[in-house]
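Subject: Handing over a structure

Hello,

Please have a look at it first, and then read on.

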Amino acid sequence: MEKVAMIHPDGIVDRGLSDHESLEPVPVQLTGNCHYLQCARIMSEFAELMGDSSAKEKYEILADSLKAYLRAEFWDRPRPEKINRQTLFSALLYHEVVPASEIHAARDSLLQALKNGPSEHFNTGIFGTKYVLEALSEYESPERVYEIVNSTEYPGWGYMIDRGASTIWETWRESDNTYSNNHPMFGTVTEWFYRWLAGIRPDPEFPGFEEFVLNPATPVGLDSVNCSYHSPYGQIISNWKREDQNNILYTMKIPEGSTARVNLGLGTEQTIEIQRKGKPVGRDKISGMQTGRFTLDAGEFRIRVSNRE
């Protein structure tokens, strides 16, 4: 942080790598200051944990200043120039720059930017791709993201696979000895598999997955997910499969010392059954079970969600 302050004495990042391999221009002032904001917030948390109130205040002031700059430059005023609006709006949503009362407008702007993209796909670069995967999942739906991720049209991961790729490219188009064809450039999609298809997400208030979220998505066209994550408390499992058109079977494992807040998003025409160690768990034993929003402590569970026939 001291080095950044030395390189950018005015407190604003105005040079460096922007959204590398974005298909449209992205000002470094957007991505650079989003990263700087993220770092300032992390340093403020570190300082609080270390009991350093002076450093905590210093980084809070920096974070507030950067957030105000980003809001003034990239949200409050029009940006008529050519700019990657997918990266723009997803970055502002991801870094919580947009005021809560205006999130719907940012979401709508992101959806319009997506509609204007090639094949209605992502046209983002190394940073914007992470932001758009997360922002679109959070504020629209992971199902919409899955449609893009699974498509073989350009640009996208399916396009790479359809062209014979067995590794992720550095660019959306295959490179002929200029850029790498084996690169972690767009590899953030693998994180998306864990966070949204399996639904395993940490809660920052409970570090190390002491308490975490299990909110798996079941998009049309996908029949199963098998996922495990090795947390500091032990293995977390979040698997699901379609048994038929009316039933989805979830298998979940919560390690000792951890608690999972499960959200299966049950509709009014769906029922749920939970088994633990092969034995049914009564609805009176788990608060919120019939709504699909409930808490599970350590153990292994089989959960069947069924449509009413």
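This is a predicted model: local features need pLDDT of at least 70, side-chain atom pairs count only at pLDDT 80 or more; totals for chains, interfaces and linings use all residues.

Residues are numbered from 1 along each chain as its sequence is written, and side-chain values use heavy atoms, with hydrogens and water left out.

Helix packing

Two packed helices are described by the angle between their axes and the distance between the axes. Helices here are DSSP runs (H or I, at least four residues), numbered from the N terminus. Axes are lines fitted to C-alpha atoms over the stretch in contact, with angles from 0 to 180 degrees between N-to-C directions.

Let us begin with helix H2 (residues 28-49) and helix H3 (residues 53-74), which pack at about 155° with their axes 8 Å apart. That angle makes H2 roughly antiparallel to H3 (angles over 145 degrees count as roughly antiparallel, under 35 as roughly parallel, 65 to 115 as roughly perpendicular and the rest as oblique). Their crossing is left-handed, meaning that the near helix is turned anticlockwise from the far one by less than a right angle; clockwise would be right-handed.

Next, helix H5 (residues 103-115) and helix H6 (residues 128-139) pack at about 120°, their axes 11 Å apart. H5 is therefore oblique to H6, and the crossing is left-handed. Ile-103, Arg-107, Leu-110, Leu-111 and Leu-114 of H5 meet Val-132, Ala-135, Leu-136 and Tyr-139 of H6. This contact counts eight nonpolar residues, no polar ones and one charged.

H6 also packs with H9, at about 20° and with axes 9 Å apart. This makes H6 roughly parallel to H9, in a right-handed crossing. The contact divides into four nonpolar, three polar and five charged residues.

Two spots in the loops

A cis peptide bond, with omega about -5°, joins Tyr-154 and Pro-155; Pro-155 lies in the loop between H7 and H8. Glu-96, in the loop between helix H4 (85-94) and H5, has a positive phi near 55° although the residue is not glycine.

Of its 16 lining residues, the closest to its centre are Val-149, Trp-157, Gly-158, Ile-161 and Phe-193. Helix H7 (142-150), helix H8 (157-162) and helix H9 (188-197) each give two or more residues to the lining, which holds 10 nonpolar, six polar and no charged residues. Here a pocket is an open set of points on a 1 Å grid over the protein atoms alone where a 1.4 Å probe fits, with protein on both sides within 12 Å along at least five of seven lines, and lining residues have an atom within 4 Å of a point.

Best wishes

Technical notes:
Ala, Val, Leu, Ile, Met, Phe, Trp, Tyr, Cys and Pro count as nonpolar, Asp, Glu, Lys and Arg as charged, and the others, Gly among them, as polar. Contact means heavy atoms within 4.5 Å.
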